[in-house]
Structures are given as structure tokens and as C-alpha cells.
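Trainee: I have this one open for the first time, could you walk me through it?
Mentor: Gladly, let us look at it together.

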Amino acid sequence: MKNIHVIAVIIFTLICTILPSSYAEPTVSIIMEKTTYSYCEKLFYIIEVSEVTGDPAIVHIRDETGKGSSAIPIQISNLQNPVPSLVPFEAEVFPLGKYFIDVEYSGTKNTAEFELVDSGN
């Protein structure tokens, strides 16, 4: 009888430790190649997720005044997803200052920041 009680406690403990983690919300993080850019350079970062859910990540890039881009959907197919910019920073489009990358993925959000500076070139 004592063995059955021990086995029941072990099974209950395993269920309690396994079930909460199986319902955990996915996480998202942004890994920046660097945090300071200048004109003619291209932005590069990695969206890292804890699990691939089939949902796209939705990215907004905004400046320090809050002015931002339209929603940019990024397909998430791996735990680490590189996001290279196709065009470099240009003075006519991007004023100098601080910028933020907001990423939303499967109900979770994260923000990273970088600064656009004048390199004097």
C-alpha cells in the first residue's frame, strides 16, 4: 500500500511540473547586430523565438517621436530568424536619432533600440 502512495505522489509531481510548461506562452527576443548605425549602413537583427508556432512576427520600426512604419510581417520558420535590411539608411528618409524595433509574436512583445548617428563621412 505504501508503494502505491509513493508512486501516486511521483506521478502527481511529474504532472504538476510538466503541464505548466507545456502551456507556457512563447517568448520573442531581438538580437541586434549592433546598436549604432550611420548613413549608408544596413540594419540587421535576428528575431529569436522560444518555439515556432506558425504565426508571423509583426515588426514596427519607430523613431523617438513615435512615428513608425506600417506593420511588417516576418515569417518565423526557425528559432533564430535573421532580418537583413534590403536598403541602407539614407538621410532623406531617416533623420538622426534613436529608433525602436517592436516585435509581436504569438501574443508576446519585445522592443530593441538602436541609434542612427552622423559618422562624419
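Trainee: In what order do the 3 strands of the open sheet come?
Mentor: In this predicted model, the order is S1-S3-S6 with antiparallel pairing, where strands are DSSP runs of E, at least two residues long, numbered from the N terminus, and two strands pair if DSSP finds at least two bridges between them. Residues are numbered from 1 along each chain as its sequence is written, and while local features need pLDDT of at least 70, totals for linings use all residues.

Trainee: Which strands stand at the edges?
Mentor: Strand S1 (28–32) and strand S6 (80–84) do, each with a single partner strand, so one side of each has no neighbour in the sheet.

Trainee: And how many bridges join S3 and S6?
Mentor: Strand S3, residues 44–49, pairs with S6 over 5 bridges in the antiparallel sense, and Phe 44 has Pro 84 in S6 as its bridge partner.

Trainee: Switching topic, which residues lie nearest the centre of the largest pocket?
Mentor: Leu 43, Ile 61, Ile 72, Ser 85 and Leu 86 do, out of 15 lining residues; a pocket is an open set of points on a 1 Å grid over the protein atoms alone, where a 1.4 Å probe fits, with protein on both sides within 12 Å along at least five of seven lines, and lining residues have an atom within 4 Å of a point.

Trainee: What classes make up that lining of the largest pocket?
Mentor: The lining has 13 nonpolar, 2 polar and no charged residues, with Ala, Val, Leu, Ile, Met, Phe, Trp, Tyr, Cys and Pro counted as nonpolar, Asp, Glu, Lys and Arg as charged, and the others as polar.

How values were computed: This is a predicted model: local features need pLDDT of at least 70, side-chain atom pairs count only at pLDDT 80 or more; totals for chains, interfaces and linings use all residues. Side-chain values use heavy atoms; hydrogens and water are left out. Helices (H or I, at least four residues) and strands (E, at least two) are DSSP runs, numbered from the N terminus.
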